[in-house]
Amino acid sequence: MKEAWTARLAGGAAGLANGLFGGGMVFLPIQSRWGNLSQRKLYATCVGVIFPVCLVSAAVYLWKGGVSLTESLPYLAGGLIGGFFGGKLYGKISTKFLKWLFAAFLFYAGVKYLL
């Protein structure tokens, strides 16, 4: 029963962060700390959770007039292509490398936001 509440809290935090910051990257660190998934399933689960959360956030942004579809289409096209190739690479890249890559991305994003 404890795991169900942890999962709900992690999902709530991911949704809140996604709505506030426009990204669901908070879910992976939360789930890796309190989840009981292997590293490979952890990454796949995060994508599976973040996708619908992003759809909801995008719908709210669109409804409130905060999204320009014409300006976002080039990013969407690139994101779909990148997501396709990322999915194809799933299981072919070591989890150790993925951890370092994700940590580097978080560090870069943190420094960029602070400057």
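This is a short chat about a predicted model of one protein chain.

Trainee: What should I know before I start clicking on residues?

Mentor: The model is predicted: local features need pLDDT of at least 70, side-chain atom pairs count only at pLDDT 80 or more, and totals for chains, interfaces and linings use all residues. Residues are numbered from 1 along each chain as its sequence is written, and side-chain values use heavy atoms, with hydrogens and water left out.

Trainee: What is the mean pLDDT of the protein chain?

Mentor: The mean is 80, and 88% of the residues reach 70 or more. pLDDT is the predictor's confidence in each residue, from 0 to 100.

Trainee: Where is confidence lowest, and where is it highest?

Mentor: Helix 1 is lowest, at a mean of 69. Helix 5 (residues 95-114) is highest, at 87. Where pLDDT is low, the predicted coordinates should not be read in detail.

Trainee: How many helices and strands are there?

Mentor: The chain has 5 helices and 0 strands. Along the sequence the pattern is α-α-α-α-α. Both kinds of element are DSSP runs numbered from the N terminus: helices are H or I, at least four residues, and strands are E, at least two.

Trainee: OK, the inside. Which residues make up the largest nonpolar core?

Mentor: Ala10, Phe27, Leu28, Ile30, Leu42, Tyr43 and Cys46, 7 residues in all. Helix 2 (27-34) and helix 3 (39-63) are the elements that give two or more residues to this core. A nonpolar core is a set of buried Ala, Val, Leu, Ile, Met, Phe, Trp, Tyr and Cys residues joined through side-chain atoms within 4.5 Å.

Trainee: What is Leu28 in contact with?

Mentor: Leaving aside neighbours within four places in sequence, Leu28 is in contact with Leu42, Tyr43, Cys46 and Phe102. Contact means heavy atoms within 4.5 Å.

Trainee: And how much of the chain counts as buried?

Mentor: Of the 115 residues, 12%. Buried means under 20% relative accessible area, exposed over 50%, partly exposed in between (1.4 Å probe, protein chains only).

Trainee: Why does Pro29 count as partly exposed?

Mentor: Because its relative accessibility is 37%. Pro29 sits in helix 2.

Trainee: Switching to Leu16. Is that one buried or exposed?

Mentor: Leu16 is exposed, at 55% relative accessible area. Leu16 lies in helix 1 (residues 2-21).

Trainee: What about Val111?

Mentor: Val111 is in helix 5. With a relative accessible area of 34%, Val111 is partly exposed.
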